[in-house]
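Biologist: I am new to this structure and would like to learn how to read its features. Could we go through it together, one topic at a time?

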Amino acid sequence: MKSVAEILDQKGAMVLCLDQNESVFDAISLMADVNIGAVLVKKQNAIAGIFTERDYLQKVALRSRASRDTALLEVMTSPVITASPDDTIQQCLETMTNCRCRHLPVVGNGELLGILSIGDLVKSLLDDKQAEIDQLSHYIAGSY
């Protein structure tokens, strides 16, 4: 089973971040532009929180708050639950299940290394299973 570091190597380490004082409108515009479900929120250079589609629905839309007038600081989820580069897919899935979250920033030695979504983890699991099936098929067919 792959580690988080291996998945990030394949996926890439780009993480979109916004300052905690930027507006919810800025966040949802960015999320829509790049088709992602979450952005990290920073205070100076430190991770202050995460803002997700769920945060928007529950803390902004359902409370009739104005996206342009609401700072991310007011509605982000904090503290942020993170993963380590040495964690396995299984550990990350367990964390996501227990915390009911769909995104895990990856932090190693105090540095932000990337972010994983539940989709990234499922894709990696499916790729591993397909490779195993292919290997077994070659073995059975005698072409190993």
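Biologist: Where does Thr70 lie?

Modeller: Thr70 sits in the loop between α3 (53-60) and α4 (72-75). Helices (H or I, at least four residues) and strands (E, at least two) are DSSP runs, numbered from the N terminus. Before we go on, residues are numbered from 1 along each chain as its sequence is written. This is a predicted model, in which local features need pLDDT of at least 70, side-chain atom pairs count only at pLDDT 80 or more, and totals for chains, interfaces and linings use all residues, while side-chain values use heavy atoms, with hydrogens and water left out.

Biologist: Is Thr70 buried or exposed?

Modeller: Buried means under 20% relative accessible area, exposed over 50%, and partly exposed in between (1.4 Å probe, protein chains only). Thr70 has a relative accessible area of 4%, so Thr70 is buried.

Biologist: What is Thr70 in contact with?

Modeller: Contact means heavy atoms within 4.5 Å. Setting aside neighbours within four places in sequence, Thr70 is in contact with Glu22, Ser23, Val24, Arg65 and Val75.

Biologist: Which residues touch the most other members of the largest nonpolar core?

Modeller: In soluble globular proteins, nonpolar side chains tend to be buried together. A nonpolar core is a set of buried Ala, Val, Leu, Ile, Met, Phe, Trp, Tyr and Cys residues joined through side-chain atoms within 4.5 Å. Here the largest core has 13 residues, and Val4, Cys92, Leu104, Val106, Leu116 and Leu121 touch the most other members. The elements giving two or more residues to this core are α1 (4-11), α5 (89-99) and β4 (103-108), and the largest share, four residues, comes from α5. Apart from this core lies another, of twelve residues, among them Val24, Val39, Phe51 and Val60.

Biologist: How many disulfides does the count come to?

Modeller: A disulfide is a covalent bond between the sulfur atoms of two cysteines. The rule used here asks for a pair of cysteine sulfur atoms within 2.5 Å, and the count comes to one disulfide. That disulfide joins Cys99 to Cys101, with an S to S distance of 2.3 Å.

Biologist: Now a helix. How many residues does α6 have?

Modeller: Helix α6 (residues 118-141) has 24 residues. The expected span of a helix is 1.5 Å times one less than its number of residues. From its first C-alpha to its last, α6 reaches 35 Å, close to the 34 Å expected.

Biologist: Which residues of α6 are buried?

Modeller: They are Asp120, Leu121 and Ser124. These buried residues pack against α1, α5 and β5 (111-117). Just after α6, Gly142 takes a positive phi of about 80°.

Biologist: Which strand holds Asp19?

Modeller: Asp19 is in strand β1 (residues 17-19). With a relative accessible area of 31%, Asp19 is partly exposed. The Asp19 side chain reaches the backbone nitrogen of Asn21 at 2.8 Å.

Key:
Polar contact = N/O pair within 3.5 Å; in protein donor to acceptor, adjacent residues only side chain to side chain.
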